[in-house]
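Open the model in your viewer and keep the selection panel at hand. This tour goes from stop to stop, with something to select at each one.

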Amino acid sequence: MHHSSHAHSPHSVHADKAKEASLRSFFANRFVQSILLSAVFLQLGIWIRNFAVLLFVTEQTNKDPVAISLISLAEFAPIFIFSFIGGAFADRWRPKRTMVLCDAFSAISVFGVLAALMFGGWQAIFFATLVSSILSQFSQPAGMKLFKQHVQQSQLQMSMSMYQTVQAIFMVLGPMLGTLIYFRFGIQAAIGIMGICFLLSAGVLLFLPADHREEQAAARQLTQELKLGLTYVLANKLFLFMGGFSLAAGLALGLMNPMAIFLITEHLNMSAQSLQWFTAVNGAGMILGGMLVMGLSRKITPQTMLLVGFSANSLAVAVMGTTDVVWLAIAAQFLSGLMVPFIHVACQTIILTRAEEAFVGRVSGIISPLFIGGMVVNMSLVGPLKAVLPLSGIYLMAAGLFVIGALASVPLFLHRRQSQQRDTRATIMHH
């Protein structure tokens, strides 16, 4: 441990200056500016879509649970079905063009639905949700690929955490905005605004640096590309562990998300209206968590972040599900939100730093559906579980899943050491 002795030498002044310069270069990076602005428009469109559509369908069908669950299906099923395929295409296609086209098509589908609404066919709204959800499965991995191309490796974790913070801010503002726009201006205005947001996002992305024209690899069949992607992930122990804890986190969230309303009404004896404040506390935690991760991104390895995120989350969830003290439950909810970016950003960073560029789309296309899949499966099981288990039992199961996630992240530390040894060996051989 002899290398920490010069911590207060003139070096550290240079280091701070260098860090400032690198922060400045990071924000001056045209790619970073465009992609963050595009993310703002996209998130705006997506949240207005999610909430306005939900409220509209609830009103149209008089709270028909089947119709309401169909919307969730239209939002989540594409992630499941298209994520891996979208990832493979993102690895083949030019990423900037892919993203611009996806946003443009989303906007077109939205305006199509607006036309259908004018003629009274409100069911078309499912179609809009479905189409824009499918398209985002193609544009998301393309975005990941662009990050890998345009951002220095040392800044990847920081850029991921900024991206995450934008998403977290909208988790807080989105539901309020969607609800407000719907109740003030109605569904047609909401859909119009949504289409404009997608168009603005496409417009901003046009300012991205041009795509690298890659020497086209021999045109392989898509099925071969998919097979290669699977083989790549299966052959790479690191990604297998990541799949494991992504699944654990998804399963845990799937148990918790639908139960929040019962937690508030049954455990804490508060009104159902209080749910929005609970959600806001969680979102505020996420925003702060995102900023925290940004600040720590150069000091902490993604592996450590994962371990901290999972361990603290299991504690928070256990407290949340077993306490009837309101302030304690709120504090636990905040901690849980605070830890989400730790897990999320660390995952994305590991994918971006560890996967070869040619495979980024497919690796993220395999790992994110595991998370979503776990969530969807448990969301559908949690109703029947609630009938037989006490609420605290369900939350303790979720806490247990986070513990499993923490355990699955431990092997990453060993993996890191091995790859460092390999790098050192390679360097020695090289010299």
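A helix axis here is a line fitted to C-alpha atoms over the stretch in contact, and angles run from 0 to 180 degrees between N-to-C directions. Keep in mind that this is a predicted model.

**Stop 1: α10 and α12**

Select residues 275-296, helix α10, and residues 326-354, helix α12. Their axes are 7 Å apart, and the helices pack at an angle of about 40°. How do α10 and α12 lie to each other? Angles under 35 degrees count as roughly parallel, and 65 to 115 as roughly perpendicular, with the rest between them oblique. The pair α10 and α12 is therefore oblique. The crossing of α10 past α12 is right-handed.

Now show the side chains at the contact. From α10, pick Phe 278, Val 281, Leu 288, Leu 292 and Leu 296, among others. Gly 285, Gly 289 and Gly 290 of α10 also take part. On the α12 side, the contact includes Ile 330, Phe 334, Leu 338, Pro 341, Phe 342 and Val 345. Colour this contact by class: it holds 16 nonpolar residues, seven polar and no charged.

Stay on α10 and select Trp 277. Is Trp 277 buried or exposed? Exposed means over 50% relative accessible area. Trp 277 has 57%, so it is exposed.

**Stop 2**

Step back to Asn 269, in the loop between α9 (260-267) and α10. Its phi is near 50°, a positive value in a residue other than glycine. Asn 269 is exposed, with a relative accessible area of 63%.

**Stop 3: α5 against α12**

Select Met 144, Phe 147 and Lys 148 on α5, then Gln 348, Ile 351, Leu 352 and Thr 353 on α12. These make the contact. By class, the contact of α5 with α12 has four nonpolar residues, two polar and one charged.

**Stop 4: Ser 364**

Move to helix α13, residues 360-388, and pick Ser 364. Its relative accessible area is 8%, so Ser 364 is buried. Which residues does Ser 364 contact, leaving aside neighbours within four places in sequence? They are Ser 83, Pro 141, Met 144, Ile 351 and Pro 369. Met 144 and Ile 351 were also part of the contact between α5 and α12.

**Stop 5: α11 and α14**

Next, select residues 302-322 for helix α11 and 391-409 for helix α14. The axes come within 8 Å and cross at roughly 170°. Therefore α11 and α14 are roughly antiparallel. On α11, the contact residues include Leu 306, Phe 310, Asn 313, Val 317 and Met 320. On α14, they include Tyr 395, Leu 396, Phe 402, Val 403 and Ser 409. The contact of α11 with α14 counts 13 nonpolar residues, eight polar and no charged.

**Stop 6: the cores**

Zoom in on Leu 306. Not counting residues up to four places away in sequence, Leu 306 touches Phe 245, Phe 342, Ile 343, Ala 346, Cys 347, Ile 350, Ser 409 and Leu 412. Leu 306 is one of the residues with the most contacts inside the largest nonpolar core, along with Phe 239 and Val 363. That core has 80 residues. α12 gives the most to this core, with 12 residues. A second, separate core has 25 residues, including Ile 48, Val 57, Ala 67 and Val 110.

**Stop 7**

Select Ile 187 in helix α6, residues 156-205. Ile 187 is buried, at a relative accessible area of 10%. Beyond four places in sequence, Ile 187 touches Ala 52, Val 53, Phe 56, Leu 117, Ile 125 and Tyr 182. Phe 359 is 172 residues away from Ile 187 in sequence and 40 Å away, C-alpha to C-alpha.

End on helix α2, residues 30-60, at Ser 34. Ser 34 is buried, with a relative accessible area of 6%. Apart from neighbours within four places in sequence, Ser 34 contacts Val 204, Phe 207 and Leu 208.

Terms used:
Residues are numbered from 1 along each chain as its sequence is written. This is a predicted model: local features need pLDDT of at least 70, side-chain atom pairs count only at pLDDT 80 or more; totals for chains, interfaces and linings use all residues. Side-chain values use heavy atoms; hydrogens and water are left out. Helices (H or I, at least four residues) and strands (E, at least two) are DSSP runs, numbered from the N terminus. Angles under 35 degrees count as roughly parallel, over 145 as roughly antiparallel, 65 to 115 as roughly perpendicular and the rest as oblique. A crossing is left-handed if the near helix is turned anticlockwise from the far one by less than a right angle, and right-handed if clockwise. Contact means heavy atoms within 4.5 Å. Ala, Val, Leu, Ile, Met, Phe, Trp, Tyr, Cys and Pro count as nonpolar, Asp, Glu, Lys and Arg as charged, and the others, Gly among them, as polar. Buried means under 20% relative accessible area, exposed over 50%, partly exposed in between (1.4 Å probe, protein chains only). A nonpolar core is a set of buried Ala, Val, Leu, Ile, Met, Phe, Trp, Tyr and Cys residues joined through side-chain atoms within 4.5 Å.
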